Amino acid sequence: MIEIDQLSVKNVKLSDIDLKDHRYKFFDTQSDTDHLARSIKSIGLLNPVLLRPVDSTYIVLSGFNRAYAHIKTNSKKISAVILDDNISELDGIKIAVTCVSFYRKLQQHEMIRCLTALSDHLNPQEISDCSVQIFNMPLNKRYISDMVAVGRLSESFGRLIRQGQLSIKAAKIIAR
């Protein structure tokens, strides 16, 4: 995986970060980052964003809200930890999920997004085997399979789930 002692915080131009690349954006972000921007302006950014180099730019693994808030402060640079450019897509997903799942409990629709992304690289048993390290809780193979099936439904179903207009139980029946 990643050698933590090899990572260091660097200042990166915000213009060098592709904030439109959402491949690791599995989590709900607060729409109003004004409070965070005021905090950054007042005391600075305490937790750097986590970036992955891709081609001649960077993409965010963790810290979309911090990056958006930093833009509101009119700063040109942001503190970031930059991972190796040879990190695999799977490791990028694992890192992005772990950054949040060890901080707070994931909402059901967030869990679905994360499991669906992992399922592009791992089968349900493999996800189950490493679920404690990624999600901070054990997940069984059947639950993973069910959530991935729900995650493979169209985005309109995902929106209904997020809005509380479609239960997971109903979505699992539809997905069968």
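**Ground rules.** I noted that the model is predicted, that local features need pLDDT of at least 70, that side-chain atom pairs count only at pLDDT 80 or more, and that totals for chains, interfaces and linings use all residues. Residues are numbered from 1 along each chain as its sequence is written, and side-chain values use heavy atoms, with hydrogens and water left out.

**Entry 1, helix 1 and helix 2.** I looked up how helix 1 (residues 34-43) and helix 2 (residues 64-72) pack, and found an angle of about 70 degrees with the axes 8 Å apart. That makes helix 1 roughly perpendicular to helix 2, a label given to angles of 65 to 115 degrees, where under 35 is roughly parallel, over 145 roughly antiparallel and the rest oblique. The axes are lines fitted to C-alpha atoms, for helices over the stretch in contact, and the angles run from 0 to 180 degrees between N-to-C directions. Helices (H or I, at least four residues) and strands (E, at least two) are DSSP runs, numbered from the N terminus. For contact (heavy atoms within 4.5 Å), I listed D34, L36, A37 and I40 from helix 1, and N65, R66, A69, H70 and K72 from helix 2.

In helix 2 I found F64, N65, R66, A67, A69 and H70 to be buried, where buried means under 20% relative accessible area, exposed over 50% and partly exposed in between (1.4 Å probe, protein chains only). The cover over these buried residues includes helix 1, strand 2, strand 3 and strand 4 (77-82). I71 also lies in helix 2, but it counts as partly exposed because its relative accessibility is 41%. Leaving aside neighbours within four places in sequence, I71 is in contact with L14 and L19.

I then turned to the largest nonpolar core, which has 38 residues, and in which F26, V97, L115 and F135 have the most contacts. Such a core is a set of buried Ala, Val, Leu, Ile, Met, Phe, Trp, Tyr and Cys residues joined through side-chain atoms within 4.5 Å. Elements giving two or more residues to this core include strand 2 (49-54), strand 3 (57-62), helix 4 (108-119) and helix 7 (141-151). Not counting residues up to four places away in sequence, L115 touches I127, F135, L139, Y143, I144, M147 and V148. Apart from this core lies another, of 16 residues, among them V12, A37, L45 and V60.

Which loop holds D55? I placed D55 between strand 2 and strand 3, with a phi near 55 degrees, a positive value in a residue other than glycine. D55 counts as exposed because its relative accessibility is 81%. N74 lies in the loop between helix 2 and strand 4, and its phi is near 65 degrees, again positive. At 60% relative accessibility, N74 counts as exposed.
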